[in-house]
Amino acid sequence: MAFILKDEDKNFVLEELKRYESKYSAIIPSLFRIQKKEGWISAEAVSVLSEVMGLPEAHINEVLQFYTMFNKEPVGKLHVQVCTNVSCAMNGGRELAKKICQKYQVKEGAVSQDGMITVTRVECLGACDKAPMMQVNDKYWEDLTQESAIQILEDLKQKVVG
Amino acid sequence: MSKAIESKLLTEYYDDPHYMSFEGYTKRKGYEVLKKAFKMKPEEIVAEVKASGLRGRGGAGFPTGVKWGFLPKNDKKRFLLCNADEGEPGTFKDRMMMEKAPHQLIEGMIISAYAVNAHKSYIYIRGEYTDCLRIVKEAIDEAYAKGLLGKNILGSGFDHDMDVYSGAGAYICGEETGMISSLEGLKGQPKLKPPFPAIQGYLKFPTIVNNVETLAAVIPIIEKGADFYKSLGTEKSTGTKLFSVSGDVVQPGNYEVELGTPLMDLIELCGGLKPGRSLKAVIPGGSSAPVLTADECVDATMDYENLSAKGSMLGSGAVIVIDDSHSMVDLLTVIMHFYHHESCGQCTPCREGTGWLEKLVKGILKGSGRVEDLDLILRVANNMKGRTICALSDAAALPALSFVEKFRLEFEQHIRTQSPVRERETTSHA
Ligand SMILES: Cc1cc2nc3c(=O)[nH]c(=O)nc-3n(C[C@H](O)[C@H](O)[C@H](O)COP(=O)(O)O)c2cc1C
Ligand code: SF4
Ligand code: FES
């Protein structure tokens with residue numbers, strides 16, 4: 001499926017190009033915008049973006065590859081990012097990540113069969129007082145237990161299915 | 001321990017849920033200090049901040065007024081950049097400050113920008129903090145609407161524009177030159193210093209980079225004066241500091257206390273250790289700070305001098321409390337994985353060293369390590385220090401050195417009990 005940048009998104013990119021002192025600064029916000037809509041950033045998206053922005057594709061790719069928040073592959077509808085850094089590790093963060101993988105029969109970083117869930121381990125998200133924690137898409141879920149985390153994901157799944 | 005040891009200079013009104021709004025903030029005397037600041041000359045503000053002894057709260061602890069003084073003495077364009085990347089493991093104070101008091105940060109930034117004559121500032125917020133990004137952006141919009149940003153602020157003749165910028169997931173963008181690269185739309189790789197950002201920063205313009213908490217602390221300094229600020233804390237570590245306490249305490253959270261507060265009092269303030277547990281170690285300043293043993297904690301005070309005399313550092317103020325239920329081998333593995341993952345790869349000692357360290361420590365944890373590996377860890381870590389573009393390499397080396405040196409017996413014991421028999425035999429008389 002060819003990537004098409006909708007008018008509203010194109011306008012967003014054009015506005016961002018004017019917002020900062022350097023055009024290059026518009027790359028990160030534009031990539032976020034695409035990811036918000038598509039869930040990830042494909043090679044076609046980069047190539048379209050390069051054209052709209054008037055910036056080299058190679059440079060956009062370099063930026064894309066450098067930052068961990070950009071998904072370079074499709075992810076599930078729920079991107080479950082479990083913190084496994086020190087304070088969370090001390091409170092069962094790693095076991096939580098494993099448990100969620102088991103429950104949804106998905107390997108870390110892969111997409112579950114139903115396209116619903118991707119689980120990744122992430123570094124400290126600045127919520128260490130409420131460890132263990134996870135971020136699902138944009139939202140933080142804190143002070144988790146394995147049970148509460150699964151419950152949250154089940155509820156979110158229901159919502160996504162609608 | 002009573003709550004009396006808390007000293008809420010910055011966080012006084014944080015319990016007020018309306019404090020985050022413009023109305024709530026102004027009800028609590030918000031933006032009043034800005035009016036006072038505009039009656040002062042910029043150089044008077046710089047002098048006051050210098051005299052207050054305020055040191056950067058982002059990790060390096062550099063005196064803020066001195067940094068501001070490095071700017072070229074001319075009228076040429078310069079930038080103020082607020083470091084809200086908060087990536088140091090264990091740190092969660094800037095997030096709270098932005099969520100609870102976005103206008104406090106904005107006020108502190110306008111005062112600071114006026115002091116250093118910057119007409120444009122950015123708040124670089126880590127990408128995962130989507131709530132902060134929204135809250136701070138809305139607060140900026142509101143400040144514009146009320147005439148606190150833009151042209152001729154409050155009739156002062158001073159113009160200032162402010163914007164937010166979102167990071168996209170990279171610890172290294174918390175390092176000031178990495179942040180500048182990122183804001184420039186490049187990979188967030190640090191640049192060689194000198195030139196320091198105050199001379200040549202964002203797009204080669206002089207740029208002052210300060211942490212969220214540092215910029216907010218400028219408000220009480222201008223409000224109450226340097227002498228008042230200096231009356232808090234210790235002689236060389238003045239004022240208050242937010243400590244993000246996590247790990248094995250009953251009530252983890254952010255606590256604002258005077259610098260120089262005994263570490264054990266701070267732990268008490270957090271409800272102490274969990275029942276039946278004893279203290280094993282504390283990482284006093286984020287995961288880059290060398291770990292303290294329980295013995296060292298007894299007379300440790302939370303200020304720059306005391307912790308550096310103990311070979312550690314105050315860092316970002318992230319205090320990770322570790323009780324006897326945890327394995328130091330395990331925790332070091334977590335930390336080494338982090339630095340290996342976050343090394344930007346520009347410098348060989350850092351790129352290779354972090355990889356080696358992770359591999360060695362992981363090997364020990366999994367049971368394939370040898371006692372000789374401990375000395376190898378020390379050698380590798382020592383070779384990573386002071387030889388790279390930025391301080392991440394040191395930040396990775398220091399925990400490795402301190403964990404292995406201070407908990408060597410535990411590492412050796414882990415190796416002996418976890419390793420296959422063959423290993424155990426060859427190392428038993430080591
Ligand atoms: C690897 C690395 C990561 C850093 N991360 C942060 C950070 O997340 N937040 C921060 O304020 N400073 C961080 N710093 C320190 C900044 O480089 C810089 O010293 C600081 O933003 C200056 O502000 P201050 O003087 O107000 O502390 C980091 C430094 C290094 C070497
Ligand atoms: S020390 Fe490490 S993180 Fe810093 S610039 Fe060099 S390779 Fe990058
Ligand atoms: S260690 Fe998990 S949020 Fe900080």
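**A tour around strand β1 of chain B**

Begin by selecting β1(B) together with strand β4 (residues 207–211) of chain B, which pair in the parallel sense over five bridges; two strands count as paired if DSSP finds at least two bridges between them, and strands themselves are DSSP runs (E, at least two residues; helices are H or I, at least four), numbered from the N terminus. This is a predicted model, in which local features need pLDDT of at least 70, side-chain atom pairs count only at pLDDT 80 or more, and totals for chains, interfaces and linings use all residues. Residues are numbered from 1 along each chain as its sequence is written, chains are lettered from A and ligands numbered from 1 in the order in which they are written, and side-chain values use heavy atoms, with hydrogens and water left out.

Along this pairing, B:Leu81 stands opposite B:Val209, while B:Leu80 has B:Ile208 as its bridge partner.

Return to β1(B), residues 79–84, where six of the six residues are buried, so the strand is largely enclosed by the rest of the structure. B:Phe79, B:Leu81 and B:Asn83 point one way, and B:Leu80, B:Cys82 and B:Ala84 the other way.

Finally, select strand β2 (residues 120–125) of chain B, which runs parallel to β1(B) and is joined to it by six bridges; here B:Asn83 stands opposite B:Tyr124.

Note on methods:
Buried < 20%, exposed > 50% of the residue type's maximum accessible area, 1.4 Å probe, protein only.
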